[in-house]
Amino acid sequence: MARLGGGGNSHSEKPLQNSPDSVLPHSQQDVNGHGNEAGGEGGKSGGILRIKTAGESGRRGVHPLQFIKIIWQSSSALSRAVNVLWPFVPAALAVHYTGTGAPALRFALAYVAMVPCANLIGFAGAELARKMPHMFGILTETTIGSTVEIILFLVLLLSRNGDSSIDAIKRSAYIVRAAILGSILATMLLCLGVCFFAAGLRRETATFDSAISEVGTGLLLMAGLGLAVPTIFKHSIANSIGDYGISLQDLDDRATQVSRIVAILLLIAYIVFVWFQMRTHHGIYDAIFEHDEKRDLDGHKDRAKEKLTLTECAIALAISVALVTLLAIALVREIEPVVAENGVTDPFMGLILVPLVEKAAEHLTAIDEAWDNQINFALSHCIGSTIQTAMLNAPLVVIVAWGRGIPLDLSFEVFEIAILIIAIITVGNYLRDQKSDYLEGFLCVITYIAIAVAAFYTPTPLLLSHEAGGEGAGGGGGGEHAERSLFM
């Protein structure tokens with residue numbers, strides 16, 4: 001696909017990846033002026049419910065054998081390789097509901113089984129998105145891909161084995177906060193880094209549009225600062241609480257109220273962002289994604305593949321969501337014994353292990369797009385998923401907890417929120433020049449690994465009412481986990 005330089009048409013033959021500025025409209029006036037030049041399938045007619053040519057299956061209803069065949073073939077070689085893990089799904093459910101085997105075995109089976117189910121959610125969402133205009137399809141696909149995350153957040157929040165004590169509530173709140181932050185870091189550093197690395201292996205420089213990077217960077221920074229407000233509020237007062245004449249319980253209540261208000265504000269900001277993309281500036285994004293489709297290295301193969309019908313998409317989503325819910329319950333119930341018996345700390349479990357399986361669908365999709373030179377699509381999935389976690393999923397969990405009478409706040413540990421802000425600034429710096437290479441991707445992955453190492457060595461916080469008598473917070477003998485686990 002050709003790119004223009006800063007001026008007129010004299011540079012129209014310049015290759016796309018040698019210039020950061022594409023032949024794309026950068027204002028709504030440009031979109032109106034170009035009419036339908038941006039691409040045939042992304043025109044104005046038909047509305048958001050119109051099925052695009054690229055998404056037509058040529059069939060109606062459900063055809064079981066073809067349905068299974070299409071799901072098995074999946075959207076890429078990477079996704080197809082993940083389908084080999086499907087036998088783990090019945091095995092995980094069987095050992096969980098029969099109580100067979102050690103907790104570590106049940107946890108491992110449930111953890112691995114989540115991956116093909118999340119992959120099916122991502123594939124069905126992508127098939128559904130093919131049938132819609134670009135921006136509506138991207139939003140639908142990202143939202144469907146976040147289903148695993150939302151389910152895990154809610155299970156982590158509400159699954160306390162019937163224990164409604166204050167300590168149990170604090171433990172569940174700690175888990176959810178760690179999972180929220182870990183999900184953001186996994187997508188923003190690990191997934192984006194692998195995308196940059198994959199794109200850099202096939203071309204010297206991968207270029208993307210400023211409309212994707214600048215808006216995404218601004219929203220990431222705003223979301224990070226929004227999540228930091230309750231943390232800064234609580235820790236600044238806690239350090240000198242005697243000067244304010246309030247108790248720790250009063251401070252917790254105030255931090256919870258601040259978190260609920262911040263959650264509502266983040267939700268409002270996300271709604272405005274969606275309106276910006278879907279209504280007032282959708283033409284710009286449609287043009288960007290249509291250009292990405294033209295430079296898709298495997299585009300001819302994708303167009304030739306069989307596709308799911310609308311009914312089959314709905315069935316695939318229903319099956320995968322049901323399986324993910326069952327596996328999430330099985331996974332969460334095994335966390336406490338795994339932490340207690342295998343020496344895994346709660347920060348590592350909540351910040352690293354759980355988020356990796358939450359985001360499997362988005363990661364596989366984005367990496368495949370980056371490999372095929374659809375870097376704008378890949379960035380939209382990485383940045384869009386991160387923004388959705390910070391500005392939609394996290395606030396929704398806070399509001400659900402509010403409705404259930406659970407005092408969930410967004411007060412993270414200082415280490416966690418500092419890492420989040422630094423990571424956002426780092427990623428924003430990489431996005432600023434609108435191009436990437438494998439080195440930037442490698443550095444993002446290395447940064448994520450460094451955070452994972454720090455989380456691995458972070459000890460489990462001790463609750464005042466559950467101090468380990470005489471053992472301390474260090475190690476233990478005979479494989480025992482001396483720290484009192486927050487996962488109960």
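**Core and helix packing**

Me: What makes L152, L185, M188, L227 and L420 stand out in the largest nonpolar core?
Reply: They have the most contacts inside this core, which has 129 residues. A nonpolar core is a set of buried Ala, Val, Leu, Ile, Met, Phe, Trp, Tyr and Cys residues joined through side-chain atoms within 4.5 Å. Helix 8 (residues 166–202) gives the largest share, 18 residues; helices are DSSP runs of H or I, at least four residues, numbered from the N terminus. The model is predicted: local features need pLDDT of at least 70, side-chain atom pairs count only at pLDDT 80 or more, and totals for chains, interfaces and linings use all residues. Residues are numbered from 1 along each chain as its sequence is written, and side-chain values use heavy atoms, with hydrogens and water left out.

Me: Which residues does M188 touch?
Reply: Leaving out residues up to four places away in sequence, M188 touches L220, T386, L420, A423, I424 and V427. Contact means heavy atoms within 4.5 Å.

Me: Why are helix 7 and helix 14 called oblique to each other?
Reply: Helix 7 (residues 147–158) and helix 14 (residues 346–358) pack at about 140°. Angles under 35 degrees count as roughly parallel, over 145 as roughly antiparallel, 65 to 115 as roughly perpendicular and the rest as oblique. The pair is therefore oblique.

Me: Why is I288 called buried?
Reply: Its relative accessible area is 0%, and buried means under 20% (exposed is over 50%, partly exposed in between; 1.4 Å probe, protein chains only). I288 therefore counts as buried. I288 lies in helix 11 (residues 282–294).

Note on methods
Axes are lines fitted to C-alpha atoms, for helices over the stretch in contact, and angles run from 0 to 180 degrees between N-to-C directions. Helices (H or I, at least four residues) and strands (E, at least two) are DSSP runs, numbered from the N terminus.
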